[in-house]
Amino acid sequence: MSGLIVGLGEAMVLFQPADLLPLEECATASVHVAGAELNLLAAAARAGARTAFCSRVGDDPFGRRVVAAAEGLGVAAGLVAVDGTRPTGVFVKDVRPDGARRVHYYRAGSAASALDEADADRALAAGPDLVAVSGLTAALGDGPRRAVLRLAREAHARGIPVAVDPNLRPGLDAAGVVTALLPLTAYLLLGMDEAVPLFGTDDPGEVFARAKGAGVREVVLKAGADGCWHDGGDTPAHLPSAAVRVVDPVGAGDAFAGAYLAARLAGTGPRGAALLGTRFAARVVASAGDTEGLPAPSEVAAMLAEAG
């Protein structure tokens, strides 16, 4: 049986222009469900891992939609608690005239913003083989910060690998929490734009050295169109991007991380796991939406064979 990855975080209902026009001009919007940890878990599930999402949603139609979407993506939702006093968060993706995406969040007071240590304990009780957390969740408030830290500390103490995706966002101060997590981190999957805030440099060799000096066991540096760097022994090894068409870059890093972690948990080496991650990311950026572009199950077997 494959290993179990449990992710802690917030998933929300996403509205985005159906006609890919800016919000102030679009006539219709499509409705999706997304969130960094759920995106990661969806990719990991598609890559063959068992996955479970630990979160909170409101007792409302959006909350029920989040649960149904998770299950539809192959992610177990039994660890999602329903909060009858707070709503499910919502966010909107804008398409700017130059094609860039900008995301607007409406999550203040959401059910997931009340995550706390009890949620971390619920995640641990599921018996995970790996836990995934992010700085984005830790930045939602004092309770979510406590939940992330407790889950990482307890998992580390029990010998359960901890994966950290910094997911640093403008206006959300999470760099300090991510730094505190580094000594507990088995897998650090960070973006090139996060390297300077965390390590003072974006030189791959220096990033890897400083991360490992802080206690991280394994590092992956995601560089978007420039591909990624993965553990290559004495020095980081580079893999180019596999993307040939970019419609929407949002969600690509989560897809990479989920595929990478699933492959590593299944025993694939860093290079093969990174190769699988780049294939998943390339599919996601070729479609609108955070998970709609994930490869079909029928295609994954060939990707896994290629990854070795």
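## The cores

The largest nonpolar core in this predicted model has 51 residues, and the ones with the most contacts inside it are Val75, Leu189, Tyr260, Leu261 and Phe280. A nonpolar core here is a set of buried Ala, Val, Leu, Ile, Met, Phe, Trp, Tyr and Cys residues joined through side-chain atoms within 4.5 Å. Buried means under 20% relative accessible area, exposed means over 50%, and partly exposed is in between (1.4 Å probe, protein chains only). At least two residues of this core come from each of α1, β4 (50-58), α2, β8 (130-134), β10 (187-191), α9, α10 and α11. The top contributor is α9, which gives nine residues. Those helix and strand labels are DSSP runs, numbered from the N terminus: helices are H or I with at least four residues, strands are E with at least two.

Take valine 75 as an example. If you leave aside its neighbours within four places in sequence, valine 75 is in contact (heavy atoms within 4.5 Å) with Leu38, Leu41, Ala42, Ala45, Thr51, Ala52, Phe53 and Ala70. Another core lies apart from the largest one; it has 44 residues, among them Leu115, Val148, Leu168 and Leu182. In soluble globular proteins, nonpolar side chains tend to be buried together.

## How to read the model

Residues are numbered from 1 along each chain as its sequence is written. This is a predicted model, where local features need pLDDT of at least 70 and side-chain atom pairs count only at pLDDT 80 or more, while totals for chains, interfaces and linings use all residues; side-chain values use heavy atoms, with hydrogens and water left out.

## Helix α10

Now look at α10 (residues 270-285). This helix has 16 residues and reaches 22 Å from its first C-alpha to its last, close to the 22 Å expected at 1.5 Å a residue. (The expected span is 1.5 Å times one less than the number of residues.)

Is α10 mostly covered or mostly open? It's mostly covered, with 12 of its 16 residues buried. Among those buried residues are Leu275, Leu276, Phe280, Val284 and Val285. The cover over the buried residues of α10 includes α1 (36-46), β12 (228-231), β13 (236-239), α9 and α11 (297-307).

Two strands count as a pair if DSSP finds at least two bridges between them. β8 pairs with β1 in the parallel sense over three bridges, and glycine 7 stands opposite alanine 132 there. β8 also pairs in the parallel sense with β9 (residues 162-165), over four bridges, and here valine 131 stands opposite valine 162.

## A four-stranded sheet

Next comes an open sheet of four strands in the order β3-β2-β6-β7, with mixed pairing. β3 (29-34) and β7 stand at the edges with a single partner strand each, so one side of each has no neighbour in the sheet. On average, neighbouring strands of this sheet are turned by 25° against each other, direction ignored.

Within the sheet, β2 and β3 run antiparallel and are joined by six bridges; phenylalanine 15 stands opposite valine 31 in β3. Helix α2 (residues 61-72) lies across β2, β3 and β6 (90-95), running at about 90° to β2. For that angle, axes are lines fitted to C-alpha atoms, for helices over the stretch in contact, and angles run from 0 to 180 degrees between N-to-C directions.

## Salt bridges

Side chains of opposite charge can pair when their charged atoms come close. A salt bridge here is a side-chain nitrogen of Lys or Arg within 4 Å of a carboxyl oxygen of Asp or Glu, and the count comes to 15. One of them joins arginine 107 and glutamate 10 (2.9 Å, N to O). Arginine 107 lies in the loop between β7 (101-106) and α3 (117-125), and glutamate 10 in the loop between β1 (4-8) and β2 (12-17), so this pair ties together parts that are 97 residues apart in sequence. Arginine 107 counts as buried at 13% relative accessibility, and glutamate 10 is buried at 3%.

Arginine 264 and glutamate 218 also meet in a salt bridge (2.8 Å, N to O). This pair links distant parts of the chain, with arginine 264 in helix α9 (residues 252-265) and glutamate 218 in strand β11 (residues 218-222), 46 residues apart. Both arginine 264 and glutamate 218 are buried.
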